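Here is a friendly briefing to read alongside the structure.

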Amino acid sequence: MPKPPSLDDLRRYAVARTLFKPTTLMRAIEKLGFLQADPIRSPARAQDLTLRHRVVDYHAGDLERRYARLPVDEDALVNYGFLPRKHLALLHPRVAARKWTPATKKKAADMLAFIREHGPTHPRLVEEHFAHGRRINAWGGSSNATTHLLDGMHYRGLLRVKRREAGTRIYEAVEHPPADPSPAARAARAAALLELVLRKYAPLPASSFVYLTRLLLGYGAPHLAKEARVALTTAREQLATMRIDRVDWYWPADENPRSSRYRPDARVRLLAPFDPIVWDRRRFELLWGWTYRFEAYTPAPKRQLGYYALPLLWGDRVVGWGNASVRNGRLLLQTHFADDTVRDADFKRELVDEKARLKEFLGL
């Protein structure tokens, strides 16, 4: 009988399965399945910081520069980000949990007709034409009502992001083909979405698998809520699983965490806060024994790690974090450690190499 995986095996597996050999930009996005986006640039956007470890000769901003030529779309899954276009049929036509009022439907229809007539359109042009005013956004501040409605139209699959100009979404009208409404087809789409999420973030503790399913139901596919809950129950019965220290872990049935293919190299890497290696904070603490926090939206006096702490990976260990910034064309990097065990000369050399790679990625 094969020996069951240990927590050490899961740690190596969690790192190595997603740090695949660097490849092309499109191939990397396909292998990731979903790439979470974030607008903060410190020292680069999260999507760029994630891709630099997985794409040959990647530089900050390459995704935005090449996006219009790739079969990739900005859309919602468990968070907002980038998806291979082939996955959109699993999500659309999306039915939002919150229904529009008749007045909002009328505004959206008028805006859609305007964009169809004009082609790829900057939100500013839509605002100048319709002047919908301002509203209170989800963070309590004031936002442009036109921008908010465009977001809603994009979410519902009426628009897609054609490209970005200086970070602003340029929209075009889109029509998604009708989805098969049969119970079997709906169940198949929900199961495929759940598999996409699992393959993105495996291995997953049971509580994290449930949490990700809830994010998927609440954001990416609220119209498949019933089917996704059934798919979760089925998946938990069929997936490879192991209980370690009273925690149930799940991973794809066709992968073996003890395989020799899952052996990380000895490089030091500064990871994005939303890199799949560190995204799940529950798993992070189980695998590495300390608490990592994303504190960009935490008041400065309450921060413990810093505004945009980048987890510091060495082999299969996350040994601390770095705070990186660019001032006067120079990269400033401060490193901090979760304990005092990192004194290895090899680590120090690797950290120097990682700083050099980060500078090249940033074009410094």
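**A histidine and its helix**

H154 sits in helix 8, which covers residues 145-155. Please keep in mind that this is a predicted model. From that helix, the tour goes on to a sheet, a helix pair, a hairpin and some backbone details.

**Around H154**

- H154 has a relative accessibility of 4%, and because buried means under 20%, it counts as buried.
- Apart from neighbours within four places in sequence, H154 touches E74, Y80, H92, L159, R160, V161, R169 and Y171.
- Helix 8 is largely enclosed by the rest of the structure, since 8 of its 11 residues are buried.
- The buried residues of helix 8 are A145, T146, L149, L150, G152, M153, H154 and Y155.
- After helix 8 comes G157, which has a positive phi near 85 degrees.

- An open sheet is built from 3 strands in the order 1-3-2, with antiparallel pairing.
- Its edges are strand 1 (35-36) and strand 2 (72-76), each of which pairs on one side only.
- Strand 1 and strand 3 (residues 80-84) run antiparallel and are joined by 2 bridges.
- Q36 has G81 in strand 3 as its bridge partner.
- Helix 2 (residues 25-32) packs on this sheet and touches strand 1, strand 2 and strand 3. The direction of helix 2 makes about 110 degrees with that of strand 3.

**Helix 9 against helix 11**

- How do two packed helices get described? The angle between their axes and the distance between the axes are used.
- For helix 9 (residues 183-201) and helix 11 (residues 225-238), the axes come within 8 Å and cross at roughly 60 degrees.
- The two helices, helix 9 and helix 11, are therefore oblique to each other.
- Helix 9 and helix 11 cross in the right-handed sense.
- On the helix 9 side, the contact involves R186, A187, A190, A191 and L194, and these meet E227, A228, A231, L232 and A235 of helix 11.
- By type, the residues in this contact of helix 9 with helix 11 are 8 nonpolar, no polar and 2 charged.
- An α-helix has 3.6 residues a turn, so residues three or four places apart point the same way.

- Strand 9 (residues 240-244) pairs with strand 10 (residues 247-251) through 5 bridges, in the antiparallel sense.
- I244 is placed opposite V247 of strand 10.
- This hairpin has 2 residues between its strands, and D245 there takes a positive phi near 50 degrees.
- D245 is not a glycine, yet its phi is positive. Is D245 buried or exposed? It is exposed, with a relative accessible area of 64%.

**Other backbone details**

- A166, in the loop between strand 6 (159-165) and strand 7 (168-173), has a positive phi of about 55 degrees although it is not a glycine.
- The relative accessible area of A166 is 85%, so A166 is exposed.
- H92 and P93 are joined by a cis peptide bond with omega about -5 degrees, and P93 lies in the loop between helix 5 (88-91) and helix 6 (102-118).
- A cis peptide bond also links A202 and P203, with omega about -5 degrees; P203 is in the loop between helix 9 and strand 8 (204-205).

Terms used
Residues numbered from 1 in each chain as written. Predicted model: local features only at pLDDT ≥ 70, side-chain atom pairs only at ≥ 80, totals over all residues. Heavy atoms only, no water. Axes fitted to C-alpha atoms, helices over the stretch in contact; angles between N-to-C directions. Helix = DSSP H or I, 4+ residues; strand = E, 2+ residues; numbered from the N terminus. Parallel < 35°, antiparallel > 145°, perpendicular 65-115°, else oblique. Left-handed = near helix turned anticlockwise from the far one by under 90°. Contact = heavy atoms within 4.5 Å. Nonpolar A, V, L, I, M, F, W, Y, C, P; charged D, E, K, R; others polar. Pairing = 2+ DSSP bridges. Buried < 20%, exposed > 50% of the residue type's maximum accessible area, 1.4 Å probe, protein only.
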